[in-house]
Amino acid sequence: MSRRIAIVEDEPAIRANYSDVLRKQGYEVAAYDNRPDALAAFRTRLPDLAIIDIGLGEDIDGGFALCRELRALSPTVPIIFLSARDSDFDIVAGLRLGADDYLTKDVSLPHLSARIAASVGAVEQ
């Protein structure tokens, strides 16, 4: 059974790129461009891993809110923030909200893939 990864990213090109790469690696991918749609989907079916951008369109801290809401639904679903915001304040805030990892968008695809595999693998143990 393939692992289901949710990507919450407001930039269509970035969302499509990450989705394509992960599908080629055998993951089932559900992609969302905003917090309300992602949250509604999470309430129906939790992903095995969520990759969340912080700024979601006009909702500049929407990813932080979504992280809190997903944590309330499940304390164990791995959450990775993937954001252009690289200040210590944002990184620490994301981790304190319950994210398991925080990567910046300059991360290479092999590095991102390794972090995803480590996070999904941790769920299986």
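Modeller: Two strands count as paired if DSSP finds at least two bridges between them. Strands (E, at least two residues) and helices (H or I, at least four) are DSSP runs, numbered from the N terminus.

The model is predicted, so local features need pLDDT of at least 70 and side-chain atom pairs count only at pLDDT 80 or more, whereas totals for chains, interfaces and linings use all residues. Residues are numbered from 1 along each chain as its sequence is written, and side-chain values use heavy atoms, with hydrogens and water left out.

I begin with the pairing. Strand β1 (residues 4-8) and strand β2 (residues 28-32) run parallel and are joined by five bridges. Within this pair, Arg4 has Glu28 of β2 as its bridge partner, and Val8 has Tyr32. Right-handed means that, with the strands pointing away from the viewer, the path from the first strand over the helix to the second runs clockwise.

Strand β1 also pairs with β3, in the parallel sense and over four bridges; here the bridge partner of Ala6 is Ala50. Strand β3 in turn pairs with β4 in the parallel sense, over three bridges, and Ala50 stands opposite Ile79 in β4. A right-handed β-α-β unit is made here as well, by β3, α3 and β4.

In a regular strand, side chains alternate between the two faces of the sheet. In β3, Leu49 and Ile51 point one way, Ala50 and Ile52 point the other way, and all are buried. Buried stands for under 20% relative accessible area, exposed for over 50% and partly exposed for values in between, using a 1.4 Å probe and protein chains only.

Helix α4 (residues 88-96) has Asp90, Ala93 and Gly94 buried. These residues are on the same side of α4 because they cover an arc of only 100 degrees around the axis, the arc being that of the directions from the helix axis to the C-beta atoms. An α-helix has 3.6 residues a turn, so residues three or four places apart point the same way. The other side of α4 carries the exposed residues Asp88 and Arg96. The cover over the buried residues of α4 includes α3 (62-73), β4 (79-83) and β5 (101-104). Asp90 counts as buried because its relative accessibility is 8%. Beyond its neighbours within four places in sequence, Asp90 is in contact (heavy atoms within 4.5 Å) with Ile54, Phe64, Arg85 and Tyr102. Just after α4, Gly98 takes a positive phi of about 120 degrees.

Two loop residues complete the picture. Glu9 lies in the loop between β1 and α1 and, at 2% relative accessibility, counts as buried. Its side chain makes a polar contact of 2.8 Å with the side chain of Lys105 and reaches the backbone nitrogen of Glu11 at 2.9 Å. A polar contact is a pair of N or O atoms within 3.5 Å; within protein, one must be able to donate a hydrogen and the other to accept it, and residues adjacent in sequence count only if both atoms are side-chain atoms. Setting aside neighbours within four places in sequence, the contacts of Glu9 include Ile14, Arg15, Tyr32, Asp33, Asp53 and Leu56.

Asp106 lies in the loop between β5 and α5 (109-124) and is exposed, with a relative accessible area of 66%. The side chains of Asp106 and Thr104 are joined by a polar contact of 2.4 Å. The C-alpha atoms of Asp106 and Lys24, residues that are 82 apart along the chain, are separated by 21 Å.
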